Amino acid sequence: MGIIRKALSSRPVASLTSPHTIDHYLDQIHPMLAAENVRARVVEVVQETGDASTVILRPNGAWKGFTPGQHVQFGVEVDGTRRVRCFSVSSSRAAKKGTFSVSVKAHPDGYVSQFLHHELKPRTIVYLSQAEGEFVLPRDVPDNLLLISGGSGITPVMSMIRTLRDTGHQGRVTFLHYARSRDDEMFTADLDALAEAANVTVMRVYTRRPAPGAELKGRFHVDHLKHLGIDPTDTLTYVCGPAGLIATVRDTYTELGAADQLRLEYFKVPSVDLDAADATGTLTFDDARIEADNSGATILEQAEAAGLKPEFGCRMGVCNTCVVKKNHGAVRHVISNEISANTDETIKICVHVPVGDVNVAL
Amino acid sequence: MAKTKNAPIKPHSASNHNAAPLSLVNTHSDKKATIGLEYMTYEQLEEFGEELNAVRQRVLDDLGQKDADYIRRVIKVQKASEVLGRIGIFMPFFPPAFIAGILFLGLAKILDNMEIGHNVMHGQYDWMNDPMVDASRYEWDNIAPSKDWKHGHNYIHHTYTNIHGMDRDIGYNMFRIDEDQPWYASHRFNLPLAFILMLVFEWGIMYHGVELDQYLQGKITKEDFQGRKKRALKKIRKQVFKDYVAWPLLGLALVPFVGWWAPVAILVANIVANVIRNVWSFIIIFCGHFPAEVQTFAEEDAQNETRGQWYLRQLLGSANISGHKPFHVLTGNLSYQVEHHLFPDIPARRYPEVAEDVKLLVEKYGLQYNTGRLSKQVASVIRQLAKLGHKPDDPYKIGNSPESKALRRAKREAAAARREEEARAPQLTS
C-alpha cells in the first residue's frame, strides 16, 4: 500500500472530509482514482467457449490482490443501474503484473454474466470489491493435492492450479474435472499444457459426450478416485461445482472417513426445491413492518417481491453480502437442506427459505 | 491496517423509503376517511389515485442513464464548489477570494443538503445501486444524523403529512402556524423564535430528530431515545470538529504569513457558510408547508383513507414556489413541494415534468394547487406566524384554557374506555 494511499485513507483526512470519504472527492477527478474503492479497467474479453468468457482486468491501486480460489463482486453499469454479481478469479497469482482475470459462464437468467459475455468492451471501468472467500489453498500446500471441479466451477480451481504451476510447486497435484463435452470445457488449451507437467495429473471427464477411449466415464464416483490412485484420507481435496457433484463428493468422503480433508465451494445458483410443507406461515420483515405469506422462495426473493431492496452479491450463498439477522423462526438452507431454528442468528437470505413463520430484520 | 472504521449505517433501518408511504389505518373502525369529499366523490377519489399512480409508474419505468448522469453532474458541481470554497477561505489576506470562498462553501452545503442529500435519502436514486447515492448509506453535511432524519421525515412527515397530532413538522412543536393548533403563551414569540431558528436551522433539525418531546410523553422507548441521542452527539462531534476545529487548525499554517487571525477568519468563514445554508433551507422548507393557503387535517378525517385521499392530502398540504431552473436546483426541487409530496421517491429532476400531469388533474377535478413566487410565499409565512402568535378569542383554541383541558380529558377517557372494552372482548368470545 502506497504511502499516499495510506495518508488519504487516514483518520485526519477522514475527519476533514466528513461525512464523506476522500473517495467521494477523488471519484470526481477520475473514477479509477480512489483510496479504497476498488475499480478496474477491462483489458480484454476472451471467449472461452460458446457461453463462457474470461475478462482480463487492470485494477486500480486500491486492489489488495487475491488468494487463488477467491471471488470478487463484479459490478457493471447499464443504463444508470449498477448490477453486481460474484465471479471467481481464474488467473494465476503470479500472472502478468497489474492484471488478473475472472471467468464466467453466462447464466441464461444472469443479467451480468450475459452482459459480460456479449457486450462488455475493453476499456470499460467496472466496480469491484476486494477479493473475498475462504475457499483458498493453505499457505503450505501439502504434497498430495486433489482438485475436483464441475462445469464452470473450474474457475477458482484453475486459479489455484495455475498459481501452483507458476510458483514451481513440486508436490503431486491431481486435477479431476467434469464437463459436458470438450466444447463446453473452459481453458482447454491451458489444461492440455498443464497435463504436460511431471507432477500434475489432469483428468477430464466428459459426461455427455465422452472422449473416444476415455479412461473415466459418467459422473463422479469413488471408482474415479481409485483409478487415479488417490487415498482421500491423506489428500487435501478442493471441490467446486454444482450442488449435485458436491453432495456426491461429500458423501463419498464422509463414508471413507476423510471429511476433514475436504474443502467445498458451491458454484451454481441454487435451484430451490419447492417443498410444499415448508411454504406455510408468514414471513415478517421486521424493520419495514411488512408481512407476507411465505411463498416457499428464498427470503431474498420474497423480500424483493415485497418491494424491499436488501443488499445481495452472488445470490448463491458464497459472498456473505446478504446476511441479515433472523429474529426468530426456522429456515432451511436450499443447498445443504439443513434446518436452523436458533433465535437471533444471522443467515444468508439468498440461500435460505422460511419454514413456517419467520421474522427477519429487514 | 489498524484503523477503526465507523460501521456503515445499517441498511433499511429508517423505513422502507423506496416505496410509497402507507395510508393511515384505524384498526377499530372501518369508517371511510372524509378527506376530499368537498371536492369529489369516493369513486372520483379512487380514479384520481389511480391516475396519479399511473404518473408515478410512468416515471419509474423511464428512469435510466440520464437521471444517473444528472445526479452525478450535481455531485460533481457540489464537490467542485466545496473544494473551491475551502481554497477560497484559506485566502483571508485577499478579500475577494475569501468572500467567494464563503459563498462557494455555502453553495456546496446547500447542494449537498437539498438536491443531493434530501433527495438521495428519500431513496430517489436507490435504483442505481450505487453506494454513493444510496439512501441507506448517504450521510449529509448537516448536524442532523441521517438515520433519525429519515425516520422523522420520510416516514412520519411524508406519511402523515399535515395531520394534527401525527405530523411533528406542523410548526415543529415550536410555532403556531395553523389555526387548528392550540395556542400557548410561547407562541407570542413566533416571529423572533423563527428568526433565531432560521440562523441555526441544522441544529433545530437535529434536535427535532432526537424526539425529546416524544420521549417525555412516553411515545418512544427509553432505548429508542438513547439511540437517537447517541447518534446526534456523534454527528455533532464530527461536524463541529470538521468545520470549527480541524479546518481552522490547518489555518495555523497561514499565521506566519498573514497574522494570528488567520485561523479565526477560517472559523468565521465556516460559520457563515453554515448559516447561509441554514437560512436558505429554512426559507425553502417553511415556504413548502406553512403559507396560509396550505390545508391541515384532523386524524379522524384521515383514518382509513384511500390512496386517492392520501394523494389529495399531499396536494392540499403543500405549496410550490415558482422560479427559474437554477433556483429549483438550489431548492433541491423542493420548490415543487406538491409534486415532491405526491411522489417522494422519484428523482426530483422529474418534478417539473410531472407537474404538468398534476396540473391537468387539478383542473379536471377542480382542485386547489398552491403556488407562488418566493416573495409571496415568504410574506405569507411571516403573516401567518405573526397573526397566529396572537392569543385567539375562542377558548377551545387556547391550549391551557379550562375548556381545552376538559376536552382533552374527555378524549383520554373515551380512549381508555375503548381499551377496556377491547380487553374484555376476547373473554366474551372465548
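Two residues are in contact when their heavy atoms lie within 4.5 Å. By this rule, the contact between the two chains takes 41 residues from chain B and 31 residues from chain A. The model is predicted: local features need pLDDT of at least 70, side-chain atom pairs count only at pLDDT 80 or more, and totals for chains, interfaces and linings use all residues. Residues are numbered from 1 along each chain as its sequence is written, chains are lettered from A and ligands numbered from 1 in the order in which they are written, and side-chain values use heavy atoms, with hydrogens and water left out.

Together, chain B and chain A bury about 3,100 Å². Buried area is the accessible area (1.4 Å probe) that two parts lose on being put together, summed over both. Carbon and sulfur atoms carry 50% of this buried area. The two chains share 4 salt bridges (a side-chain nitrogen of Lys or Arg within 4 Å of a carboxyl oxygen of Asp or Glu). One of them pairs Arg82(A) with Asp130(B). Their closest N and O atoms are 3.4 Å apart.

Chain B holds 17 helices and 2 strands. These are DSSP runs, numbered from the N terminus: helices are H or I with at least four residues, strands are E with at least two. Chain A has 9 helices and 17 strands.

The C-alpha trace of chain B spans about 80 × 50 × 50 Å along its principal axes. For chain A, with 362 residues, the rule gives a value near 21 Å, and the chain's 22 Å agrees.

In chain B, 52% of the 430 residues are buried (under 20% relative accessible area; exposed is over 50%, partly exposed in between; 1.4 Å probe, protein chains only). In chain A, 52% of the 362 residues are buried.

A nonpolar patch lies on the surface of chain B. Phe195(B), Ile196(B), Leu199(B), Val200(B) and Trp203(B) form this patch, with about 440 Å² of accessible area together. Patch residues have over 30% relative accessible area and no salt bridge; like charges are joined within 9 Å, nonpolar side chains (Val, Leu, Ile, Met, Phe, Trp, Tyr) within 5 Å. Accessible areas come from the Shrake-Rupley method with a 1.4 Å probe; for residues, only the protein chains shown count as cover. Helix 5 (residues 190–199) of chain B gives the most, with 3 residues. Val200(B) sits in the loop between helix 5 and helix 6 (201–210). Val200(B) is partly exposed, at 37% relative accessible area.

Notes. The radius of gyration is taken over C-alpha atoms; the globule rule is 2.2 Å times the number of residues to the power 0.38.
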